[in-house]
Amino acid sequence: QVQLVESGGGLVQAGGSLRSSCAASGFSFSSYAMGWFRQAPGKEREFVAAISRNGGSTVYADSVQGRFTISRDNLKNLVYLQMNSLKPEDTAVYYCARDRAVYRRLLQRGSSDYNYWGQGTQVTVSS
């Protein structure tokens with residue numbers, strides 16, 4: 001069965017950094033693009049970043065471009081989200097997700113294009 005388990009959230013001051021990890025199992029990891037989403041209290045889940053199967057292509061939400069970096073390790077079945085220059089508005093639960101389609105080349109930003117999700121990890125940025 002497909003499992004995605006996030007870790008590495010926490011509390012950090014504005015301007016600080018965190019790295020979240022997502023451990024994947026139960027499927028051929030290198031066959032799927034992966035994404036990160038986030039959901040703040042009272043708001044809808046929003047796209048953060050996505051990465052291609054081999055890690056050669058990435059896309060980001062405008063709000064995190066230049067501050068966040070998504071990466072993956074296909075030998076360890078891990079996907080990472082490095083978050084720098086964090087702002088209070090980055091406070092949210094961060095979710096790792098697997099693309100719905102195997103071998104898809106075009107990276108997707110819509111949550112409906114992902115069909116497996118982790119349980120989420122809380123990131124809180126204090127001002």
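Student: A polar contact is a pair of N or O atoms within 3.5 Å; within protein, one must be able to donate a hydrogen and the other to accept it, and residues adjacent in sequence count only if both atoms are side-chain atoms. With which side chain does the side chain of Asp90 make one?

Tutor: The side chain of Arg38, at 2.9 Å. This is a predicted model, where local features need pLDDT of at least 70 and side-chain atom pairs count only at pLDDT 80 or more, while totals for chains, interfaces and linings use all residues. Residues are numbered from 1 along each chain as its sequence is written, and side-chain values use heavy atoms, with hydrogens and water left out.

Student: Is Asp90 buried or exposed?

Tutor: Asp90 counts as buried because its relative accessibility is 1%. Buried means under 20% relative accessible area, exposed over 50%, and partly exposed in between (1.4 Å probe, protein chains only).

Student: Where does Asp90 sit, and what is it in contact with?

Tutor: Asp90 is in the loop between S8 and S9. Strands (E, at least two residues) and helices (H or I, at least four) are DSSP runs numbered from the N terminus. Setting aside neighbours within four places in sequence, Asp90 is in contact (heavy atoms within 4.5 Å) with Arg38, Arg67, Phe68, Ser85, Val123 and Val125.

Student: Ser85 is on that list. What is its phi?

Tutor: Near 50°, which is a positive value in a residue other than glycine. Most residues other than glycine have a negative phi. Ser85 also lies in the loop between S8 and S9, and with 42% relative accessibility it counts as partly exposed.

Student: And Asn77, what about its phi?

Tutor: Asn77 is not a glycine either, and its phi is positive, about 55°. Asn77 is in the loop between S7 and S8 and counts as partly exposed, at 23% relative accessibility.

Student: How do S7 and S8 pair?

Tutor: In the antiparallel sense, over six bridges. Two strands pair if DSSP finds at least two bridges between them. S8 covers residues 78-83, and Leu81 in S8 is the bridge partner of Ile70.

Student: Which sheet are they in?

Tutor: An open sheet of four strands, ordered S1-S3-S8-S7, with antiparallel pairing. S1 (3-7) and S7 (68-73) are the edge strands, each pairing on one side only. From one strand to the next the twist averages 15°, where axes are lines fitted to C-alpha atoms (for helices over the stretch in contact) and angles run from 0 to 180 degrees between N-to-C directions.

Student: Change of topic. How many disulfides?

Tutor: One, between Cys22 and Cys96, with sulfur atoms 2.2 Å apart; the cut-off for a disulfide is a pair of cysteine sulfur atoms within 2.5 Å. Cys22 is in strand S3 (residues 18-25) and Cys96 in strand S9 (residues 92-99), so the pair ties together parts that are 74 residues apart in sequence.

Student: Why is it left-handed? And are the two cysteines buried or exposed?

Tutor: It is left-handed because the torsion about the S-S bond of Cys22 and Cys96 is about -75°. Both Cys22 and Cys96 are buried.

Student: Last one: what does Ala49 touch?

Tutor: Not counting residues up to four places away in sequence, Ala49 touches Met34, Gly35, Trp36, Val59, Tyr60, Ile70 and Leu81. Ala49 lies in strand S5 (residues 46-51) and counts as buried, at 0% relative accessibility.
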